[in-house]
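Welcome! Please take a look at the structure below, and then let us walk through a few of its details together.

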Amino acid sequence: LTPKRSPPQTRSSDDILTINDQERGITPSDSDDVKWNYISGAYARKEILTGIVSGIESPDTANPVCVVDFEGVRILVPGREMFMDDWPANEKMPREFFMRFNRILGATVDFIIVGVDSRNHAAVASRKMALEQRQAKYYATGRVKPGIRVACRVIGVGNNRITVEAVGVDTTIYASALSWEWFPDVTDLYSTEDLVVARVLAVVKDEKTGAYSVRLSVKDATENPDLPNLRKLVPGSNYYGVVTGVRDQLIFVRLQMGVNAKTKLFHTKQMPSKLDTVSFQVRDIDLENGVAFGLITRIIRRHARTR
């Protein structure tokens, strides 16, 4: 894995843990014979391969199948071999898994070939086995530990959170840990083909199953870029901004000059709504937490859906 974007300035000079042990061996332009000979060899070696999730077949049944494109070759991964967890046998797939399969479309995933028929050009694989191999190499050996930064693949986006694979472990990163900048919708920032750098906050091993879980923060992998702008704010002044969200009557605003602000106070006839543009009067500045406090003095423009 290599981040597709250079990360912002980091808190220290620590390196980013990446996966660099993968060799393609073939290209989409190679002949079918070359491709299937390579896949047969990977099957014998139990080698981890990497492809793109291009389809989900029979998604409404108890046994969905994921189609993974590997250099132009169609590889089938049974739904129960896509994640470390599972659902009861002979039962319809729960909605949670349906959503996970839907969101993983277009994602880059690792897999291990578990069955191949070179003559008929058919192969079946397991992503679960690849995850287990990664966990044994990176987590069981202590290479992934709190404090380091890791390169992660985004494998799902939605509900103000993203799901990533962090060198063998799937985990969810919520909006509050994604960016110093407040934003209205996580889909404005991420999609399933992205790579992100995150800092490891905690690693936990399940003693019963032997599987690992990890807690990550993309935000904590970088310095807060808003601090210079926060220092430029003048208390008592009004600034233009966009409401990024409203929760429990607390209004979150992203000021146009590049600062987060929040308040429960507004001198308007109606309570501001998400995506409204507003005038925000700064009363206080919290440099430690990177946020300005004050009140909304005017709704400059209502968003179209609330007009």
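In this predicted model, a polar atom of the Asn 224 side chain lies 2.9 Å from the backbone nitrogen of Asp 226.

**Around Asn 224**
- You can find Asn 224 in the loop that runs between strand 11 (212–217) and helix 4 (227–232).
- Asn 224 has a relative accessible area of 10%, and because the cut-off for buried is under 20%, Asn 224 counts as buried.
- If you set aside neighbours within four places in sequence, Asn 224 is in contact with Trp 180 and Gly 290.

**Helix 2 and its buried face**
- Helix 2 covers residues 95–104, and Phe 97, Phe 101 and Ile 104 are buried in it.
- Looking down the axis of helix 2, you would see its buried residues within an arc of 70°, so they line one face of the helix.
- Here is a handy rule: an α-helix has 3.6 residues a turn, so residues three or four places apart point the same way.
- The buried residues of helix 2 pack against strand 2 (48–57), strand 3 (65–70), strand 5 (108–117) and strand 7 (149–158).
- After helix 2 comes Gly 106, with a positive phi near 90°.

- Five strands, in the order 12-13-14-16-15, close into a barrel with mixed pairing.
- On average, and ignoring direction, neighbouring strands of this sheet are turned by 50° against each other.
- Strand 13 (residues 250–255) pairs with strand 14 (residues 259–263) in the antiparallel sense, over five bridges.
- Val 253 has Ala 261 in strand 14 as its bridge partner.

Note on methods: Residues numbered from 1 in each chain as written. Predicted model: local features only at pLDDT ≥ 70, side-chain atom pairs only at ≥ 80, totals over all residues. Heavy atoms only, no water. Buried < 20%, exposed > 50% of the residue type's maximum accessible area, 1.4 Å probe, protein only. Helix = DSSP H or I, 4+ residues; strand = E, 2+ residues; numbered from the N terminus. Arc of directions from axis to C-beta. Contact = heavy atoms within 4.5 Å. Polar contact = N/O pair within 3.5 Å; in protein donor to acceptor, adjacent residues only side chain to side chain. Pairing = 2+ DSSP bridges. Axes fitted to C-alpha atoms, helices over the stretch in contact; angles between N-to-C directions.
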